[in-house]
Amino acid sequence: MSNNALAAPQRRRLGGFASCHFLALLRSLALLLYLDIAIRTFYLCNKFSVVTLTEEQTPLPSSDAAILSHNRTLPNSTTHHHHKLLILLRTGSSDSTSRLQSIKNTWASRLADGQLRIMEGNERCLRKYGDNHWEGLTCLEAANHIEIMNSTLTNFTWLLIVDDDTYVVVDRFASLLDRLDPHQPAAYGAPGCGNCGQNRTGFCGGGGYFISRTNLLRMAGLRDRPVLPSVAHAFIEHFMQEPDSVWCDVRFGCVAQDMGLRLINQPGLYGNQLSNENEEKRIIRLEQSSPPLVFHKVTNASQMHRIHGLVVEMASKNGTWTEIVEDPDWHSGG
């Protein structure tokens, strides 16, 4: 047998061995590449998680961390609620205790649990501005808005902000809200007061103002909670900017416009004290002016109960008294 005849099978065996070795090497390289991709992906995912966690835990500059640690949830609330209307009540005067009692005995007596929120104090605002007047009240309102936006226990569609010397016609307000679009970029009240710069004005005080939850979040540059500390700090600083930081209602309107919202005049928010009891009766009986939503400058418990009695009387006589009707002289789109 020739040497060439013996060498042929040997070459075939060596060729087969080389092919197997090459395939094994390819499989090993593929495994190493897969592991490398997996490790890089794991690293990037964890890096992103660490960055996100660090941002959430970054303390507020200028001692603003107290904003998120104070009043995290609504008082005395342990269950989840959804309200069409949440009412934020500004308090702080020497008469606030008696005023609050009158409110609870009249227009707030039929509100659901957690629907009325009392504006509470904030240590940071107290340290920096002294009390809840002027700049202190502006800071306090901004801090309370953050707490409301961050609350996980109470959801709402609309927020009304009023003083503690007001009477709110709750049923009519609820009827009005049924006709409004909460996604329209707008805030409602009585525009025309103060100075927001660029020939703009803010809201006038007294009769209150209201805004949807969607648009309150827009004022903070958000779509939903949580309000991160850095965002909370920027939100409060925005409220405290000049001009007119001494007027919380003006600044609310200014910040709303800065964030792309339109201020819409809403009739029925009576910001000034009525001249006499006869005018009070005629407005409630729909004999003059716009159908009432809010009366401001209710001076004492006697007047609060008198207004409440007239409202209850009208509602009992006419079941549609609190409904919003299509009236060319009274609409919310002005």
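What is the torsion about the S-S bond of C125 and C139, and why is the disulfide left-handed or right-handed?

Tutor: The torsion about the S-S bond of C125 and C139 is about -75 degrees, so the disulfide is left-handed. The two cysteines lie 14 residues apart and link distant parts of the chain, with C125 in helix α4 (residues 123–129) and C139 in helix α5 (residues 135–150). Helices here are DSSP runs of H or I with at least four residues, strands are runs of E with at least two, and both are numbered from the N terminus.

Two remarks on the basis of these values are in order. This is a predicted model, in which local features need pLDDT of at least 70, side-chain atom pairs count only at pLDDT 80 or more, and totals for chains, interfaces and linings use all residues. Residues are numbered from 1 along each chain as its sequence is written, and side-chain values use heavy atoms, with hydrogens and water left out.

A disulfide is a pair of cysteine sulfur atoms within 2.5 Å; for C125 and C139 the S to S distance is 2.0 Å. Burial is judged by relative accessible area with a 1.4 Å probe and protein chains only: under 20% is buried, over 50% exposed, and in between partly exposed. C125 counts as buried because its relative accessibility is 3%, and C139 counts as buried because its value is 0%.

The structure holds three disulfides. A further one joins C193 to C204, with S to S 2.0 Å. This pair links C193 in strand β6 to C204 in the loop between β7 and β8 (209–212), eleven residues apart. With 95 degrees about the S-S bond, the link of C193 and C204 is right-handed. C193 is partly exposed because its relative accessibility is 28%, whereas C204, at 17%, counts as buried.

Strand β6 (residues 191–197) pairs with strand β7 (residues 200–203) in the antiparallel sense over three bridges, and G202 in β7 is the bridge partner of C193. Two residues separate the strands of this hairpin, where Q198 has a positive phi near 55 degrees.

Strand β6 also holds C196, which is linked to C254 in helix α9 (residues 248–258), 58 residues apart. The S to S distance of C196 and C254 is 1.9 Å, their link is left-handed with -85 degrees about the S-S bond, and both cysteines are buried. With bonded cysteines counted along the chain, the disulfides follow the pattern 1-2, 3-5, 4-6.

Technical notes
Two strands pair if DSSP finds at least two bridges between them.
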